[in-house]
Amino acid sequence: MGWPLVGETLAFLKPHKSNSIGNFLEEHCSRYGKVFKSHLFGTPTIVSCDLELNILILQNEERLFQSSYPKPVHDILGKLSMMLVSGEVHKKLRSIAISFINVSKSRPEFLHYVEKLSVSLIESWKERKQIIFFKEAKEFTFYLMLKNLLNMEPEDPLAVKFFEDFLTFMKGFVSLPLYIPGTAYAKAVKARTRISSTLKEVIKERKKFGARHVNGDFLDEILKKECLNDEERVSILLDLLLAGYETTSGLMALVVYFLAQAPFALLQLKEEHQAIRRRKKDGEALNWEDYKQMEFTSYVISEALRCGNLVKFVHRKALKDVKFKDYLIPAGWQVLPIFTAPHLDPNLHHNPFEFNPWRWADPSTSKKVTSFGGGLRLCPGTELGKLETAYFLHHFVLNFGWKTKEEDYPMSCPYMEFKMGLELEIELIEKKKA
């Protein structure tokens, strides 16, 4: 169980590459198995690296397990964050967020704006010698969310202020939670207060204009919801800004990182987007139907999430004694389902450390991956993040000057094998028709 008070927390939190589970989990799984007990974040804890138990935990929210994050997370996210609240409050806030996301993700106006911002971003790189891609991705996703939620353009002075505060907020969100003046955590708590105050001012200003100034954005929608107070409105906006900005930019960076090392996947991805472009007129915008045709793109995105692991684990608490196989999880104990472990488990995935988008052609792969959580707390913006990444990739692979030629690849590579198999299948179909 480790040292008094701190237990094994420092070893558990020791930084490691996201495409590994880290020394702590490797050593503990080797000694104790995929499910073991420890003392983490100040409380007795069950750690699960077992896919079956992880799914049991995620699918039994509010029945057997409940979201239970440490106090510092409450201080930084706010008491009404969707990550933290439970029961009817969580159901109310989540349903409002999901309803808007489901409508907005296929709206032509939103899709056009995603494409416009993608093209603008790539154009801005033409004369630059070096690009810090993750920084660029953060700005891209943040301004997309601001437009969708508050109808705010990147050049708006308030948008720049929001972005600076969010950068400070995120540095503290993943730092040691010591509330001492000058620390990253203390700065983040103050940044959150400033963001909340700014959002309250925006809400107040929008209420003043009322129906005379309708933007058709998310803020308009939640102002119509009389079941919400302003604190809840601010919390929903902050949650969606945080999730839409941080996780989607991370996903974009992971995709580009892995594609740079996987020329076969890159070539097939490029072919898919060239085929989409050939079906359209010059300069014609992408639409929802085009997005649904991006099958290999979805494989690439899903594989980047599996290999890169944006979310390592979540915090839960057992509401009652839970029996799992030969284990008893005591009521009141903290439970940490580790998402990264099944993603990189050689018993579940062939060559798990290899970036191989083709594995997603097998439908069973999706049942072994929990990149966006599951159950009642499945990430509400899952499809939105994938869509934004796919739209960006369309213009990125077609216009960024990737140097790939089909003749450069050996016949034994996954891309060529896939292509030959596809051509053979098409040839057989054509013969059968004849």
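A search of the whole structure, a predicted model, finds 27 salt bridges. One of these joins the side chains of Arg 377 and Glu 61, with an N to O distance of 2.9 Å. Arg 377 sits in the loop between helix 15 (340-343) and helix 16 (382-399), and Glu 61 in the loop between helix 3 (51-59) and strand 3 (65-67), so the bridge ties together parts that are 316 residues apart in sequence. Both partners are classed as buried. For Arg 377 the relative accessible area is 13%. For Glu 61 the value is 3%. The pair also belongs to a network of salt bridges that links Glu 61, Arg 316 and Arg 377.

A further salt bridge is formed by the side chains of Lys 138 and Glu 246, at 3.1 Å from N to O. Lys 138 belongs to helix 7 (residues 133-150) and Glu 246 to helix 11 (residues 230-259), so this contact ties together parts that are 108 residues apart in sequence. Lys 138 has a relative accessible area of 14% and is therefore buried, the cut-off being under 20%.

The salt bridge between Lys 208 and Glu 205 lies within one helix. Here the N to O distance is 3.8 Å. The two residues are 3 positions apart in helix 9, so about one helical turn separates them. Lys 208 is exposed, at 56% relative accessibility. Glu 205 is partly exposed, at 38%.

Helix 9 also holds Lys 190. This lysine is partly exposed, with a relative accessible area of 45%. Lys 190 and Asp 165 are 25 residues apart in sequence. In space, their C-alpha atoms are 9.1 Å apart.

Leu 10, Leu 176, Leu 178 and Ile 180 make a nonpolar surface patch of about 410 Å². Leu 178 is placed in the loop between helix 8 (157-173) and helix 9 (184-209). Its relative accessibility is 42%.

Rolling a probe the size of a water molecule over the atoms shows where empty space is left. The count comes to 1 cavity of 30 Å³ or more. The largest cavity contains about 40 Å³ of space. Its lining consists of Leu 305, Asn 309, Leu 310, Val 311, Phe 339, His 343, Thr 370 and Ser 371. Of these lining residues, 4 are nonpolar and 4 are polar. No charged residue takes part in the lining.

Backbone geometry was examined as well. Phe 41 has a positive phi of about 55°, although this residue is not a glycine. Phe 41 is located in the loop between strand 1 (35-40) and strand 2 (43-48). The residue is partly exposed, with a relative accessible area of 27%. Asn 151, likewise not a glycine, has a positive phi of about 55°. Asn 151 is found in the loop between helix 7 and helix 8. At 29% relative accessibility, Asn 151 counts as partly exposed.

Definitions and conventions
Residues numbered from 1 in each chain as written. Predicted model: local features only at pLDDT ≥ 70, side-chain atom pairs only at ≥ 80, totals over all residues. Heavy atoms only, no water. 1 Å grid on protein atoms, 1.4 Å probe; cavity = no way out; pocket = protein on both sides within 12 Å on 5 of 7 lines; lining within 4 Å. Points joined across faces, edges and corners; volume = space filled by probe spheres on them. Nonpolar A, V, L, I, M, F, W, Y, C, P; charged D, E, K, R; others polar. Patch = residues over 30% accessible without salt bridge, like charges linked within 9 Å, V, L, I, M, F, W, Y side chains within 5 Å. Areas by Shrake-Rupley, 256 points an atom, 1.4 Å probe, with all protein chains shown as cover. Salt bridge = Lys/Arg side-chain N within 4 Å of Asp/Glu carboxyl O. Helix = DSSP H or I, 4+ residues; strand = E, 2+ residues; numbered from the N terminus. Buried < 20%, exposed > 50% of the residue type's maximum accessible area, 1.4 Å probe, protein only.
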